Protein chains: 2
Amino acid sequence: MEIPHPLPDPLVELIAQRFRVIGEPMRIKLLDALRDGDATVGELVDRLGASQQNVSKHLGILAQAGIVSRAKDGTYVRYGIADESIFALCEQVCGGLRQQVTELDQILTGGAA
Amino acid sequence: MEIPHPLPDPLVELIAQRFRVIGEPMRIKLLDALRDGDATVGELVDRLGASQQNVSKHLGILAQAGIVSRAKDGTYVRYGIADESIFALCEQVCGGLRQQVTELDQILTGGAA
DNA sequence: CCGAAATACAACGGAGAAGTGGTAGAGTCC
DNA sequence: GGACTCTACCACTTCTCCGTTGTATTTCGG
């Protein structure tokens with residue numbers, strides 16, 4: 001679990017790439033939708049109201065990053081969450097956001113008028 | 001700590017933006033460098049070997065996101081980590097990367113020849 | 001005061017990614 | 001076997017953002 005301190009460049013690139021994959025609203029929505037369980041491309045298209053091409057492309061990116069899994073089922077393709085730790089990441093970010101909002105609130109209400 | 005399930009669009013945007021801020025090699029390096037303690041822009045420029053303008057710009061982005069803190073000290077400006085949870089995020093990502101590598105390794109060594 | 005140093009800001013060019021339209025391949029139903 | 005559906009790929013346009021160049025601003029030393 002030890003991580004080298006002067007982070008080597010390749011590792012920095014990997015980490016950055018990982019974050020960039022999740023740093024896309026459409027992909028976050030896809031992951032959130034898949035939280036209910038596996039779904040086909042068509043189902044996700046209906047749920048998110050996006051184009052089929054767009055959904056398929058983003059699912060491809062998520063699959064390539066190993067975050068979602070792909071399984072052919074006849075004509076359909078079912079996608080599912082492959083890396084559950086993604087949700088922990090999102091929750092942590094949400095926690096950070098909440099804390100910032102709280103601090104701001106304290107400054108505005110309890111601090112200098 | 002409960003997070004709404006059909007993630008509302010504004011929250012999705014916030015989360016995505018947060019991830020995009022960290023999804024930059026230069027910014028990750030800056031955060032890693034600040035792990036040793038506060039530092040001025042010039043010190044970071046020397047350590048990372050990047051241009052002053054570039055370092056300053058990325059520090060500005062990190063500061064605006066509330067991830068680093070800014071403190072003027074004469075002509076110098078000292079930056080420091082304001083949101084320690086950033087490191088937890090990186091470690092979690094590193095853990096995910098490690099697990100993927102491990103699984104790949106198992107497939108290559110123990111699986112089908 | 002005046003010059004030098006440290007930092008931030010504005011503008012520009014270029015790379016990379018997102019979204020769209022069209023289309024091809026794979027599979028099912030009649 | 002033919003038509004229809006589902007999914008992925010390709011070409012294209014647009015937009016965002018990174019890094020650089022040039023410059024303004026603030027502060028310290030003489």
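How many nonpolar, polar and charged residues does the surface near DNA strand D have?

1. **The surface near DNA strand D.** Please keep in mind that this is a predicted model. By class, 6 nonpolar, 12 polar and 2 charged residues make up the surface near DNA strand D. Helix 4 of chain A gives the most, with 5 residues. At least two residues each are supplied by helix 3, helix 4 and strand 3 of chain A, and by helix 4 of chain B.

2. **The surface near DNA strand C.** Now turn to the other DNA strand in these notes. DNA strand C is surrounded by 19 residues, and the closest are A:Gly74, B:Thr40, B:Val41, B:Gly42 and B:Ser56. The largest share of this surface is the 5 residues from helix 4 of chain B. Helix 3 (41–48), helix 4 (52–64) and strand 3 (76–81) of chain B, along with helix 4 of chain A, each supply at least two residues. Sorted by class, the surface near DNA strand C has 5 nonpolar, 12 polar and 2 charged residues.

3. **Where the two protein chains touch.** In the contact between the chains, 32 residues of chain B meet 33 residues of chain A. On the chain B side, helix 1, helix 2 (25–33) and helix 5 (85–110) each give two or more residues. Helix 5 of chain B provides the largest share, 11 residues. The chain B side divides into 16 nonpolar, 7 polar and 9 charged residues.

4. **Two crossing helices in chain A.** Have a look at helix 2 (residues 25–33) and helix 4 (residues 52–64) of chain A: their axes come within 10 Å and cross at roughly 80°. Helix 2 and helix 4 of chain A are therefore roughly perpendicular to each other. From helix 2 of chain A, the contact uses A:Met26, A:Arg27 and A:Leu30, while helix 4 of chain A brings A:Asn54, A:His58, A:Leu59, A:Ile61 and A:Leu62. Of the residues in this contact, 5 are nonpolar, 2 polar and 1 charged.

5. **What is buried in helix 2 of chain A.** The buried residues of this helix are A:Arg27, A:Ile28, A:Lys29, A:Leu30, A:Leu31 and A:Asp32. Within chain A, the buried residues of helix 2 pack against helix 1 (9–22), helix 3 (41–48), helix 4 and helix 5 (85–110). They also pack against helix 1 (9–22) of chain B.

6. **The sheet of chain A.** Three strands form an open, antiparallel sheet in the order 1-3-2. Strand 1 (39–40) and strand 2 (68–73) of chain A are the edge strands, each with a single partner, so one side of each has no neighbour in the sheet. Strand 1 of chain A pairs with strand 3 (residues 76–81) of chain A over 2 bridges. To see one pairing up close, find A:Thr40, whose bridge partner in strand 3 of chain A is A:Arg78.

7. **A loop residue in chain B.** B:Ala65 sits in the loop between helix 4 and strand 2 (68–73) of chain B. Is B:Ala65 buried or partly exposed? B:Ala65 is partly exposed, because 19 other C-beta atoms lie within 10 Å, and a buried residue needs 20 or more. Leaving aside neighbours within four places in sequence, B:Ala65 is in contact with B:Arg18 and B:Val21. The C-alpha atoms of B:Ala65 and B:Pro8 are 20 Å apart, with the two residues separated by 57 residues along the chain.

Definitions and conventions
Residues numbered from 1 in each chain as written. Chains lettered and ligands numbered in written order. Predicted model: local features only at pLDDT ≥ 70, side-chain atom pairs only at ≥ 80, totals over all residues. Axes fitted to C-alpha atoms, helices over the stretch in contact; angles between N-to-C directions. Helix = DSSP H or I, 4+ residues; strand = E, 2+ residues; numbered from the N terminus. Parallel < 35°, antiparallel > 145°, perpendicular 65-115°, else oblique. Contact = placed C-beta atoms within 7 Å. Nonpolar A, V, L, I, M, F, W, Y, C, P; charged D, E, K, R; others polar. Near = placed C-beta within 6 Å. Buried ≥ 20, exposed ≤ 12 C-beta atoms within 10 Å, placed from the backbone. Pairing = 2+ DSSP bridges.
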